[in-house]
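Keep the sequence and the 3D view side by side while reading. The text below moves through the model piece by piece.

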Amino acid sequence: MKESFRAQWEGLYHLNPLKQQSIHNSLPHGRVAVVHRTCFEVVAGDGLFQCELTGAMMYGRGEGELPCTGDWVIFLPFDEGRGIIVDMLPRERTLWRRKSGTTSDRQAIAAWVDRAFIEQSLDENFNPRRAERFMAQIVEADIKPVLVLNKADLDLNREEVERQIEHLARRMPVFFTSIRQPETVGALRSAISPGETVVFVGSSGVGKSSLVNALCGEVLLATSEISLSTSKGRHTSTRREMVAMPGGGVLIDTPGVREFGLTESDPEALAEMLEIDRYAAECRFADCTHTDEPGCKVLAAIARGDLPREVYESYLKLRREAWRFSASEHEKRKKMKSFSGQVEVAKNKKDKMRWKTRTTFKSGRR
Ligand SMILES: Nc1nc2c(ncn2[C@@H]2O[C@H](COP(=O)(O)OP(=O)(O)O)[C@@H](O)[C@H]2O)c(=O)[nH]1
Ligand SMILES: [Mg+2]
Ligand SMILES: [Zn+2]
(Lines give C-alpha, C1' and ligand atoms only; values in the text may rest on other atoms or scores of the structure.)
(Ligands and ions follow the chains in the order given, each with its own letter.)
Protein backbone atom coordinates (compact mmCIF):
# COMPACT_ATOMS: atom_id res chain seq x y z
CA MET A 1 0.00 0.00 0.00
CA LYS A 2 2.68 2.44 1.04
CA GLU A 3 4.88 1.37 -1.86
CA SER A 4 2.21 2.14 -4.42
CA PHE A 5 1.49 5.40 -2.65
CA ARG A 6 5.12 6.43 -2.92
CA ALA A 7 5.24 5.41 -6.55
CA GLN A 8 2.13 7.42 -7.28
CA TRP A 9 3.31 10.59 -5.64
CA GLU A 10 6.91 10.38 -6.70
CA GLY A 11 7.86 13.66 -8.25
CA LEU A 12 5.37 15.51 -6.10
CA TYR A 13 6.96 14.81 -2.81
CA HIS A 14 10.11 16.71 -2.23
CA LEU A 15 11.27 18.84 0.63
CA ASN A 16 10.06 22.39 0.51
CA PRO A 17 13.00 24.50 1.69
CA LEU A 18 10.65 27.12 3.18
CA LYS A 19 9.87 24.58 5.87
CA GLN A 20 13.07 25.55 7.66
CA GLN A 21 11.62 29.00 8.39
CA SER A 22 8.83 27.56 10.52
CA ILE A 23 9.23 27.14 14.25
CA HIS A 24 7.65 23.72 13.76
CA ASN A 25 10.29 22.59 11.28
CA SER A 26 11.03 19.35 13.14
CA LEU A 27 7.55 18.04 12.24
CA PRO A 28 6.67 16.50 8.87
CA HIS A 29 5.14 18.57 6.09
CA GLY A 30 2.96 17.80 3.11
CA ARG A 31 0.62 19.25 0.49
CA VAL A 32 -3.10 19.68 0.83
CA ALA A 33 -4.81 17.42 -1.73
CA VAL A 34 -8.36 18.47 -0.96
CA VAL A 35 -10.21 20.64 1.53
CA HIS A 36 -13.39 19.32 3.06
CA ARG A 37 -15.34 21.54 5.40
CA THR A 38 -12.92 21.35 8.32
CA CYS A 39 -10.80 18.41 7.25
CA PHE A 40 -7.70 18.71 5.12
CA GLU A 41 -6.32 15.74 3.26
CA VAL A 42 -2.54 16.03 3.28
CA VAL A 43 -0.12 14.14 1.04
CA ALA A 44 3.16 13.60 2.87
CA GLY A 45 6.30 11.53 2.43
CA ASP A 46 4.81 8.48 4.10
CA GLY A 47 1.16 8.55 3.26
CA LEU A 48 -2.09 10.43 3.25
CA PHE A 49 -3.19 12.17 6.43
CA GLN A 50 -6.64 13.43 7.34
CA CYS A 51 -5.84 16.60 9.25
CA GLU A 52 -7.62 19.24 11.26
CA LEU A 53 -6.38 22.71 12.14
CA THR A 54 -5.17 23.83 15.53
CA GLY A 55 -7.28 26.54 17.14
CA ALA A 56 -4.59 29.11 16.42
CA MET A 57 -4.61 28.18 12.73
CA MET A 58 -8.38 28.28 12.58
CA TYR A 59 -9.13 31.52 14.40
CA GLY A 60 -5.91 33.44 13.90
CA ARG A 61 -6.46 33.86 10.17
CA GLY A 62 -8.88 35.34 7.71
CA GLU A 63 -10.73 32.96 5.42
CA GLY A 64 -8.41 33.75 2.53
CA GLU A 65 -5.45 32.61 4.60
CA LEU A 66 -6.73 29.15 5.45
CA PRO A 67 -4.93 26.33 3.64
CA CYS A 68 -6.22 25.56 0.14
CA THR A 69 -5.50 22.78 -2.33
CA GLY A 70 -1.82 22.70 -3.20
CA ASP A 71 -0.69 24.48 -0.03
CA TRP A 72 2.27 23.19 1.97
CA VAL A 73 1.43 22.60 5.62
CA ILE A 74 3.30 21.33 8.66
CA PHE A 75 1.40 18.83 10.77
CA LEU A 76 1.65 16.77 13.92
CA PRO A 77 0.78 13.16 13.06
CA PHE A 78 -1.16 11.01 15.49
CA ASP A 79 -2.94 7.69 15.12
CA GLU A 80 -2.87 5.97 11.78
CA GLY A 81 -3.22 8.52 9.00
CA ARG A 82 -4.48 11.40 11.11
CA GLY A 83 -2.89 14.66 12.12
CA ILE A 84 -3.20 18.28 13.19
CA ILE A 85 -2.00 21.13 11.00
CA VAL A 86 0.13 23.50 13.08
CA ASP A 87 1.53 25.80 10.42
CA MET A 88 1.37 26.70 6.76
CA LEU A 89 4.34 27.66 4.57
CA PRO A 90 4.22 31.10 2.96
CA ARG A 91 2.26 30.84 -0.28
CA GLU A 92 3.61 31.25 -3.74
CA ARG A 93 1.80 31.51 -7.08
CA THR A 94 -1.75 31.37 -5.79
CA LEU A 95 -4.97 31.47 -7.77
CA TRP A 96 -7.78 33.43 -6.14
CA ARG A 97 -11.48 33.58 -6.62
CA ARG A 98 -13.21 36.82 -5.87
CA LYS A 99 -16.04 36.10 -3.49
CA SER A 100 -19.14 38.24 -3.53
CA GLY A 101 -19.12 40.25 -6.76
CA THR A 102 -18.43 43.78 -5.63
CA THR A 103 -16.32 43.38 -2.51
CA SER A 104 -12.65 42.64 -2.60
CA ASP A 105 -12.93 39.54 -0.44
CA ARG A 106 -11.10 36.69 -1.99
CA GLN A 107 -10.65 33.01 -1.48
CA ALA A 108 -7.65 30.94 -2.47
CA ILE A 109 -8.42 28.21 -4.98
CA ALA A 110 -4.99 26.65 -5.47
CA ALA A 111 -1.45 27.44 -4.35
CA TRP A 112 2.04 26.66 -5.63
CA VAL A 113 0.76 26.51 -9.18
CA ASP A 114 3.18 26.58 -12.11
CA ARG A 115 0.73 26.58 -14.98
CA ALA A 116 -3.00 27.07 -15.34
CA PHE A 117 -4.90 25.29 -18.09
CA ILE A 118 -7.79 27.51 -19.11
CA GLU A 119 -10.26 24.96 -20.35
CA GLN A 120 -13.25 25.67 -22.57
CA SER A 121 -15.36 23.25 -24.55
CA LEU A 122 -15.93 23.73 -28.25
CA ASP A 123 -19.65 24.32 -27.99
CA GLU A 124 -21.59 27.30 -26.63
CA ASN A 125 -19.06 27.46 -23.79
CA PHE A 126 -16.34 28.69 -26.16
CA ASN A 127 -15.76 32.34 -25.34
CA PRO A 128 -12.56 34.24 -26.17
CA ARG A 129 -13.57 37.10 -23.85
CA ARG A 130 -13.66 34.80 -20.86
CA ALA A 131 -10.35 33.29 -21.91
CA GLU A 132 -8.84 36.81 -21.98
CA ARG A 133 -10.13 37.47 -18.48
CA PHE A 134 -8.71 34.21 -17.14
CA MET A 135 -5.39 34.83 -18.85
CA ALA A 136 -5.15 38.29 -17.27
CA GLN A 137 -5.66 37.01 -13.77
CA ILE A 138 -3.42 34.01 -14.17
CA VAL A 139 -0.52 36.02 -15.52
CA GLU A 140 -0.91 38.50 -12.66
CA ALA A 141 -0.57 35.65 -10.18
CA ASP A 142 2.78 34.84 -11.82
CA ILE A 143 1.37 31.61 -13.25
CA LYS A 144 1.80 30.60 -16.90
CA PRO A 145 -1.43 30.23 -18.89
CA VAL A 146 -2.30 27.54 -21.44
CA LEU A 147 -5.52 27.43 -23.45
CA VAL A 148 -7.17 24.01 -23.70
CA LEU A 149 -10.09 23.76 -26.09
CA ASN A 150 -11.80 20.49 -25.25
CA LYS A 151 -14.54 18.45 -26.94
CA ALA A 152 -12.76 18.86 -30.26
CA ASP A 153 -14.85 15.91 -31.44
CA LEU A 154 -17.86 18.22 -31.61
CA ASP A 155 -18.10 19.92 -34.95
CA LEU A 156 -17.51 23.54 -34.19
CA ASN A 157 -15.94 25.38 -37.12
CA ARG A 158 -12.25 24.98 -36.37
CA GLU A 159 -11.07 27.74 -38.69
CA GLU A 160 -13.47 30.22 -37.16
CA VAL A 161 -12.29 29.25 -33.67
CA GLU A 162 -8.67 29.66 -34.66
CA ARG A 163 -9.39 33.07 -36.13
CA GLN A 164 -11.03 34.22 -32.91
CA ILE A 165 -8.14 33.16 -30.70
CA GLU A 166 -5.32 34.38 -32.92
CA HIS A 167 -4.24 37.03 -30.41
CA LEU A 168 -4.46 34.56 -27.51
CA ALA A 169 -2.40 31.98 -29.38
CA ARG A 170 0.41 34.54 -29.57
CA ARG A 171 0.39 34.79 -25.75
CA MET A 172 0.07 31.16 -24.70
CA PRO A 173 0.18 27.60 -26.04
CA VAL A 174 -3.15 26.30 -27.34
CA PHE A 175 -4.28 22.65 -27.35
CA PHE A 176 -7.33 21.17 -29.03
CA THR A 177 -8.32 18.08 -27.07
CA SER A 178 -11.01 15.43 -26.86
CA ILE A 179 -11.27 12.59 -24.40
CA ARG A 180 -12.47 10.60 -27.39
CA GLN A 181 -9.26 11.23 -29.32
CA PRO A 182 -6.42 9.67 -27.29
CA GLU A 183 -3.71 11.26 -29.43
CA THR A 184 -4.88 14.74 -28.37
CA VAL A 185 -4.72 13.72 -24.71
CA GLY A 186 -1.25 12.28 -25.32
CA ALA A 187 -0.08 15.58 -26.81
CA LEU A 188 -1.29 17.45 -23.73
CA ARG A 189 0.30 14.88 -21.42
CA SER A 190 3.71 15.28 -23.01
CA ALA A 191 3.45 19.05 -22.50
CA ILE A 192 3.34 18.53 -18.72
CA SER A 193 6.77 18.22 -17.14
CA PRO A 194 7.61 16.06 -14.14
CA GLY A 195 7.29 17.95 -10.86
CA GLU A 196 5.24 20.84 -12.19
CA THR A 197 1.83 21.72 -10.75
CA VAL A 198 -0.96 22.38 -13.21
CA VAL A 199 -4.37 23.71 -12.25
CA PHE A 200 -7.44 23.27 -14.48
CA VAL A 201 -9.84 26.21 -14.53
CA GLY A 202 -13.00 26.78 -16.52
CA SER A 203 -16.77 26.52 -16.37
CA SER A 204 -18.45 23.47 -14.99
CA GLY A 205 -19.14 20.85 -17.66
CA VAL A 206 -16.29 21.64 -20.04
CA GLY A 207 -14.57 18.35 -19.18
CA LYS A 208 -11.90 19.30 -16.63
CA SER A 209 -12.34 16.19 -14.50
CA SER A 210 -12.70 13.99 -17.60
CA LEU A 211 -9.47 15.35 -19.00
CA VAL A 212 -7.58 14.88 -15.72
CA ASN A 213 -8.79 11.27 -15.63
CA ALA A 214 -7.78 10.75 -19.25
CA LEU A 215 -4.33 12.23 -18.57
CA CYS A 216 -3.86 9.90 -15.61
CA GLY A 217 -5.22 6.89 -17.46
CA GLU A 218 -7.63 6.02 -14.68
CA VAL A 219 -10.79 7.31 -13.04
CA LEU A 220 -9.52 9.35 -10.10
CA LEU A 221 -12.08 12.15 -10.19
CA ALA A 222 -15.83 12.08 -10.44
CA THR A 223 -17.16 13.57 -13.66
CA SER A 224 -20.71 14.74 -14.11
CA GLU A 225 -21.62 11.41 -15.76
CA ILE A 226 -20.33 9.31 -12.93
CA SER A 227 -21.79 11.41 -10.17
CA LEU A 228 -25.16 11.31 -11.92
CA SER A 229 -25.11 7.57 -12.51
CA THR A 230 -25.88 5.21 -9.67
CA SER A 231 -23.62 2.46 -10.99
CA LYS A 232 -22.00 0.75 -8.05
CA GLY A 233 -18.97 -0.42 -9.98
CA ARG A 234 -17.33 2.98 -9.94
CA HIS A 235 -15.36 3.95 -6.85
CA THR A 236 -15.07 7.69 -6.72
CA SER A 237 -16.44 8.18 -3.22
CA THR A 238 -13.30 9.94 -1.95
CA ARG A 239 -13.26 13.41 -3.40
CA ARG A 240 -9.86 14.56 -4.62
CA GLU A 241 -8.71 17.76 -6.18
CA MET A 242 -4.98 17.23 -6.45
CA VAL A 243 -3.75 14.08 -8.19
CA ALA A 244 -0.36 12.89 -9.40
CA MET A 245 -0.12 12.14 -13.10
CA PRO A 246 1.88 8.97 -13.82
CA GLY A 247 5.23 10.01 -15.23
CA GLY A 248 5.24 13.37 -13.48
CA GLY A 249 3.14 16.41 -12.93
CA VAL A 250 0.67 17.28 -10.23
CA LEU A 251 -2.81 18.10 -11.51
CA ILE A 252 -5.31 20.21 -9.58
CA ASP A 253 -8.94 20.08 -10.64
CA THR A 254 -11.27 22.88 -9.60
CA PRO A 255 -15.03 23.12 -9.58
CA GLY A 256 -16.45 25.60 -12.09
CA VAL A 257 -15.27 29.05 -11.15
CA ARG A 258 -17.58 31.90 -12.07
CA GLU A 259 -16.34 34.80 -9.98
CA PHE A 260 -12.80 35.06 -11.16
CA GLY A 261 -12.18 38.77 -11.00
CA LEU A 262 -8.91 40.60 -11.26
CA THR A 263 -7.35 41.13 -7.88
CA GLU A 264 -4.60 43.52 -8.79
CA SER A 265 -4.38 46.44 -11.05
CA ASP A 266 -1.71 46.66 -13.63
CA PRO A 267 -3.19 48.32 -16.71
CA GLU A 268 0.15 48.09 -18.48
CA ALA A 269 0.31 44.34 -18.10
CA LEU A 270 -3.26 44.15 -19.40
CA ALA A 271 -2.35 46.29 -22.39
CA GLU A 272 0.53 44.01 -23.18
CA MET A 273 -1.48 40.82 -22.82
CA LEU A 274 -4.22 42.04 -25.11
CA GLU A 275 -1.70 43.60 -27.51
CA ILE A 276 -3.01 47.11 -26.99
CA ASP A 277 0.53 48.26 -26.26
CA ARG A 278 1.53 47.63 -29.88
CA TYR A 279 -0.38 50.75 -30.84
CA ALA A 280 -0.46 52.65 -27.53
CA ALA A 281 3.22 53.54 -27.71
CA GLU A 282 2.49 55.80 -30.70
CA CYS A 283 -0.44 57.72 -29.17
CA ARG A 284 -0.02 61.49 -29.19
CA PHE A 285 -0.36 61.82 -25.40
CA ALA A 286 1.81 59.75 -23.10
CA ASP A 287 -1.08 59.35 -20.64
CA CYS A 288 -3.63 58.54 -23.35
CA THR A 289 -6.53 56.46 -21.99
CA HIS A 290 -7.41 55.30 -25.53
CA THR A 291 -11.02 56.29 -25.15
CA ASP A 292 -11.55 59.63 -26.94
CA GLU A 293 -8.21 61.42 -27.24
CA PRO A 294 -7.14 62.92 -30.55
CA GLY A 295 -4.14 61.18 -32.05
CA CYS A 296 -4.94 57.91 -30.29
CA LYS A 297 -3.32 55.12 -32.28
CA VAL A 298 -5.32 52.43 -30.51
CA LEU A 299 -8.59 53.91 -31.77
CA ALA A 300 -6.98 54.28 -35.20
CA ALA A 301 -6.02 50.59 -35.19
CA ILE A 302 -9.63 49.66 -34.46
CA ALA A 303 -10.87 51.91 -37.27
CA ARG A 304 -8.42 50.28 -39.67
CA GLY A 305 -9.53 46.83 -38.55
CA ASP A 306 -6.08 45.85 -37.23
CA LEU A 307 -7.25 45.58 -33.64
CA PRO A 308 -10.49 43.62 -33.11
CA ARG A 309 -13.07 45.82 -31.38
CA GLU A 310 -14.06 42.94 -29.03
CA VAL A 311 -10.49 42.64 -27.76
CA TYR A 312 -10.32 46.39 -27.16
CA GLU A 313 -13.62 46.31 -25.28
CA SER A 314 -12.35 43.41 -23.21
CA TYR A 315 -9.33 45.51 -22.34
CA LEU A 316 -11.46 48.46 -21.21
CA LYS A 317 -13.66 46.20 -19.11
CA LEU A 318 -10.76 44.45 -17.39
CA ARG A 319 -9.05 47.77 -16.78
CA ARG A 320 -12.16 49.23 -15.16
CA GLU A 321 -12.49 46.14 -13.02
CA ALA A 322 -8.90 46.29 -11.87
CA TRP A 323 -9.31 49.94 -10.95
CA ARG A 324 -12.50 49.25 -9.06
CA PHE A 325 -10.79 46.47 -7.16
CA SER A 326 -7.80 48.55 -6.17
CA ALA A 327 -10.18 51.34 -5.11
CA SER A 328 -12.08 48.99 -2.82
CA GLU A 329 -8.80 47.66 -1.42
CA HIS A 330 -7.82 51.22 -0.68
CA GLU A 331 -11.17 51.82 1.06
CA LYS A 332 -10.67 48.71 3.14
CA ARG A 333 -7.21 49.75 4.26
CA LYS A 334 -8.52 53.19 5.18
CA LYS A 335 -11.28 51.63 7.27
CA MET A 336 -8.84 49.30 8.97
CA LYS A 337 -6.63 52.24 9.80
CA SER A 338 -9.41 54.28 11.33
CA PHE A 339 -10.60 51.20 13.21
CA SER A 340 -7.17 50.52 14.72
CA GLY A 341 -7.00 54.25 15.47
CA GLN A 342 -10.18 53.96 17.51
CA VAL A 343 -8.81 50.93 19.31
CA GLU A 344 -5.70 52.98 20.19
CA VAL A 345 -7.83 55.81 21.58
CA ALA A 346 -9.93 53.40 23.62
CA LYS A 347 -6.81 51.72 24.94
CA ASN A 348 -5.26 55.04 25.96
CA LYS A 349 -8.45 56.01 27.74
CA LYS A 350 -8.48 52.71 29.57
CA ASP A 351 -4.83 53.07 30.58
CA LYS A 352 -5.47 56.57 31.87
CA MET A 353 -8.46 55.31 33.86
CA ARG A 354 -6.39 52.54 35.33
CA TRP A 355 -3.65 54.99 36.18
CA LYS A 356 -6.17 57.28 37.82
CA THR A 357 -7.70 54.49 39.94
CA ARG A 358 -4.29 53.34 40.95
CA THR A 359 -3.15 56.79 42.04
CA THR A 360 -6.38 57.35 43.93
CA PHE A 361 -5.92 54.03 45.58
CA LYS A 362 -2.33 54.81 46.49
CA SER A 363 -3.13 58.27 47.74
CA GLY A 364 -6.03 56.80 49.70
CA ARG A 365 -3.64 54.51 51.46
CA ARG A 366 -1.36 57.26 52.42
N1 LIG B 1 -18.03 15.04 -26.56
C2 LIG B 1 -17.19 15.18 -25.53
N3 LIG B 1 -17.66 15.17 -24.28
C4 LIG B 1 -16.78 15.32 -23.26
C5 LIG B 1 -15.39 15.49 -23.48
N6 LIG B 1 -14.79 15.64 -22.28
C7 LIG B 1 -15.76 15.56 -21.35
N8 LIG B 1 -16.97 15.36 -21.92
C9 LIG B 1 -18.27 15.23 -21.24
O10 LIG B 1 -18.63 16.48 -20.66
C11 LIG B 1 -19.35 16.29 -19.46
C12 LIG B 1 -18.73 17.07 -18.32
O13 LIG B 1 -17.47 16.53 -18.01
P14 LIG B 1 -16.75 16.81 -16.62
O15 LIG B 1 -15.39 16.18 -16.72
O16 LIG B 1 -17.59 16.39 -15.49
O17 LIG B 1 -16.63 18.39 -16.66
P18 LIG B 1 -16.11 19.38 -15.50
O19 LIG B 1 -17.30 19.92 -14.81
O20 LIG B 1 -15.36 20.46 -16.24
O21 LIG B 1 -15.20 18.60 -14.62
C22 LIG B 1 -19.36 14.79 -19.22
O23 LIG B 1 -20.58 14.29 -19.67
C24 LIG B 1 -18.22 14.27 -20.09
O25 LIG B 1 -18.39 12.95 -20.54
C26 LIG B 1 -14.92 15.48 -24.84
O27 LIG B 1 -13.74 15.62 -25.16
N28 LIG B 1 -15.87 15.33 -25.82
MG1 LIG C 1 -15.37 18.37 -12.50
ZN1 LIG D 1 -4.41 56.07 -27.15
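Ala 244 has its bridge partner in S13, namely Val 250. The strand names follow DSSP: helices are runs of H or I of at least four residues, strands are runs of E of at least two, and both are numbered from the N terminus. Two strands are said to pair if DSSP finds at least two bridges between them. As background, strands of a sheet pair through backbone hydrogen bonds, either parallel or antiparallel.

Some ground rules come next. This is a predicted model, in which local features need pLDDT of at least 70 and side-chain atom pairs count only at pLDDT 80 or more, while totals for chains, interfaces and linings use all residues. Residues are numbered from 1 along each chain as its sequence is written, and chains are lettered from A and ligands numbered from 1 in the order in which they are written.

The protein has 12 helices and 13 strands in its secondary structure. Of its 366 residues, 34% count as buried. A residue is buried if 20 or more other C-beta atoms lie within 10 Å of its own, exposed if 12 or fewer do, and partly exposed in between, with C-beta atoms placed from the backbone. Two residues are in contact if their C-beta atoms, placed from the backbone, lie within 7 Å. Among contacts in the protein with a separation of 6 or more, 68% are between residues 24 or more positions apart.

Now return to the sheet that holds S12 and S13. It is an open sheet of 6 strands in the order S10-S9-S8-S11-S13-S12, with mixed pairing. Strand S10 (174–176) and strand S12 (242–244) are at the edges with a single partner strand each, so one side of each is left without a neighbour in the sheet. On average, neighbouring strands of this sheet are turned by 25° against each other, direction ignored. Such angles run from 0 to 180 degrees between N-to-C directions, and the axes are lines fitted to C-alpha atoms, for helices over the stretch in contact.

Which strand does S8 run parallel to, and over how many bridges? S8 is joined to S9 by 7 bridges, and the two run parallel; Gln 120, for example, has Leu 149 in S9 as its bridge partner. In S8, 7 of the 7 residues are buried, so the strand is largely enclosed by the rest of the structure. Arg 115, Phe 117, Glu 119 and Ser 121 point one way from S8, while Ala 116, Ile 118 and Gln 120 point the other way.

H3 lies across strand S8 (115–121), strand S9 (144–150) and strand S11 (197–201), and runs at about 170° to S8. H7 also packs on the sheet, where it touches S8, S9, S11, S12 and S13, and its direction makes about 160° with that of S13. Of the 9 residues of H7, 8 are buried, and their cover includes helix H6 (182–189) as well as S8, S9, S11, S12 and S13. After H7 comes Gly 217, with a positive phi near 75°.

The largest nonpolar core has 76 residues, and Val 42, Ala 116, Ile 118, Met 135, Val 199 and Leu 251 have the most contacts inside it. Such a core is a set of buried Ala, Val, Leu, Ile, Met, Phe, Trp, Tyr and Cys residues joined through C-beta atoms within 7 Å. Its largest share, 5 residues, comes from helix H3 (residues 128–140). Leaving aside neighbours within four places in sequence, the contacts of Ile 118 include Ala 131, Phe 134 and Met 135.

Ligand 1 is surrounded by 18 residues, the closest being Gly 207, Lys 208, Ser 209, Ser 210 and Thr 223. Near here means that the C-beta atom of a residue, placed from the backbone, lies within 6 Å of the molecule or strand. Helix H7 (208–216) and helix H8 (224–228) each supply at least two residues of this shell, and H7 gives the largest share, 3 residues. Ala 222 lies in the loop between H7 and H8. With 18 C-beta neighbours inside 10 Å, Ala 222 counts as partly exposed.

Strand S1 (residues 29–35) and strand S4 (residues 72–78) pair in the antiparallel sense over 3 bridges.
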